[in-house]
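Reader: Could you take me closely through the aromatic side chains of this model? I would like one careful, connected account.

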Amino acid sequence: MDKKSFSNGSKITGVLLHMFFMIALTISVFLVGALLRKNILQMTDFGTVDFLESGYYVNLLEQKCDNLATYLYLLKRGDERTSDETALYLQYVNEFKAEETNFCFWCRDRKGNWYTNQPDSEAGQNFDVQTILMEAKTMGNYLLYDMLNREFGTDIRGLEDYFLKSRADRDYWKSDRVILVFGIDTQFSANDDLFRAKSEYERLHPWAKVGVMGAICSMMGWIVSLVYLTIVSGHKNQGEEISLSIIDRIKTEILIAAFIVAATELIFLMARLNRQQWDVSGLLVASGTISFLLDACFLIFYLSMVRRLKAETMWKSSLVYWLSQKFSKLFRERSVTIQIVILFSIHMLVCFILAVWAFYYQKPTAFMLLLLFSCGEAYLFLHKAVERYQILKGVERISQGRLEDKINAKMLHGEERKLAEAVNNVGEGLRRAVEDSTKNERMKADLITNVSHDIKTPLTSIINYVSLLKREEIDNERVTNYIRILDEKSQRLKQLTEDLVEASRISSGNITLDMQKIDIVELVYQTGAEFNDKFEAKELTVVTKLPRESIYICADGRQLYRVIENLYNNAAKYALEKTRIFVEVTQEEREVLFSMKNVSEYSLAAENSQTPDLTERFVRGDTSRTTEGTGLGLSIAKNLTTMMGGRFNIEVDGDLFKVIISFSVYFA
């Protein structure tokens, strides 16, 4: 699938479109807001074009009625009016002048006094309601509100709510015997507030639909462009790594604080702008400029946050992370003692401040903070203890050989997590090493078994032919000597092959033990007697120190005999001629020790002065390998002893060789 390219041109276009939609949205909102404040825009006016049918017109008449009630109240107060009331009274006198208003009224108070703004009326004149009502109707719009005769009539839609719904500020019209008749010159001959309102309505009302539709469309465009910028931000090509800018290097908290300060100032500026009395065109220009700056700040902040989230650097680029890393590095470079002192000092300082604040200044908030701080510390200590316990249990399982077990490092934190991962790595390394070692041992055992099996066939033939040659009467002494050497070497090769197979079987555990009660003293007597001839041939003296009573152990008699036989055989081969061999069996509490020591004919120290491990396979005291040993006897003896539950140790002091075998005493 081809990678999609996100060019700088497309990104700049997306930014410009986003700003355009932001400006359009702000202008539309401010336009609608201005119309709402002027009461020009109402939900009932969307399908209305005529000023006389609009809710704006009804609101103006309601305000007129409120002003008229106040005017009549101030008129009756006469000389009792205060200076502020007098100023307000003069304002209403100017508003209701007959020659300068399109609003003509006739009003009767509850005492029967009539008031009107008609110039041809006399003071105190009594009016006929039907007559003045007919005159009001000829003007265009009219209203009759007669509390005396309980009559109400008007051709102004929506104005009835003003009089028929009870409100505290309209109690004047709720008085008994009050009559109000007014007429509106719908030709608006006079240049009053009604005339000016009509002109403003006809000029601004067409923009109501434009403002609402503009707000909806610009909002949708703003969201779509923002989604596009969110997708392409940080990408040059789809699927590639995130590319960060210079802005993204600013610490996260600093960028957030700068955005909050700038956005707050611009929002407050826009709010102050909205409260001022502006011409609509001037208001739209000013609001568009502020919205451009606000959207620029928003895009810088928002797109930087998006790139950080995509690149997963939000936390790493924060000031808290930087300070924590510096503090952590500084903290780790100190000794454990210094670290404990620092943590304890911080603990004591915080507790002291909160305690003084809580108990000396008696602040309950500080006491709660002290409790929360103590609980938080206790939780952290317990959490650390639990995590360390989990690590300890994991180490114990691994030490017991369960190398496949893993510590759940995902549930741990900090140094404990690193330690758990290290322990898991060690366990995994040990498991692989054990698997490799087992595999290699198996391969070695298979190789030895197969090679030994392949050697046995020709070796058997050689031994048989040598046996046949020995039966022939050959007068040639040299040929007879050759046959003797062939017989010795073939027998040695046969023994080596058998030892190899046996060592392979033992090391791989492919052997079955028949554990029984064995008298080790009797077994040593029997085995030692079989080697008298070999010891006499090298003039070796065997000094045997055995207890008179029987000592029993639990072992496989055949395999234990093999062990002791190998030790005697080893002594017969490698002991220095005309020396003594010491054999001893002792019992120490619940343990039986069999030991054999002799002086070696060959030096047991290697060239690097390191004593070789004589129990390893093919390791011999005769480094020149001129003797007939195979180097497998001690290895077989040690492995068999270990399999039967005993211990096999070799001690070398100069040329003194000593082997010790120990078993637990068998109690019936």
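Author: **The aromatic rings**

Tyrosine 145 counts as buried, because its relative accessibility is 3% (buried means under 20% relative accessible area, exposed over 50% and partly exposed in between, with a 1.4 Å probe and protein chains only). The model is a predicted one, in which local features need pLDDT of at least 70 and side-chain atom pairs count only at pLDDT 80 or more, while totals for chains, interfaces and linings use all residues. Residues are numbered from 1 along each chain as its sequence is written, and side-chain values use heavy atoms, with hydrogens and water left out.

Searching the whole structure gives 21 aromatic pairs, where rings of Phe, Tyr and Trp (its six-membered ring) pair if their centres lie within 6.5 Å, and planes under 30 degrees apart count as stacked, over 60 as edge-to-face and the rest as tilted. Tyrosine 71 and tyrosine 89 are stacked, because their ring centres are 5.7 Å apart and their planes lie at 15 degrees. Tyrosine 71 belongs to helix H2 (residues 55-77) and tyrosine 89 to helix H3 (residues 83-95), so this pair ties together parts 18 residues apart in sequence; helices (H or I, at least four residues) are DSSP runs numbered from the N terminus. Tyrosine 71 and tyrosine 89 are both buried. Tyrosine 145, by contrast, pairs edge-to-face with phenylalanine 152, at 6.3 Å centre to centre and 85 degrees between the planes, and phenylalanine 152 is partly exposed at 30% relative accessibility.

Ring pairs also join Tyr71 and Tyr89 with Phe96, Phe103, Phe105 and Phe182 in a cluster.

Notes
Helices (H or I, at least four residues) and strands (E, at least two) are DSSP runs, numbered from the N terminus.
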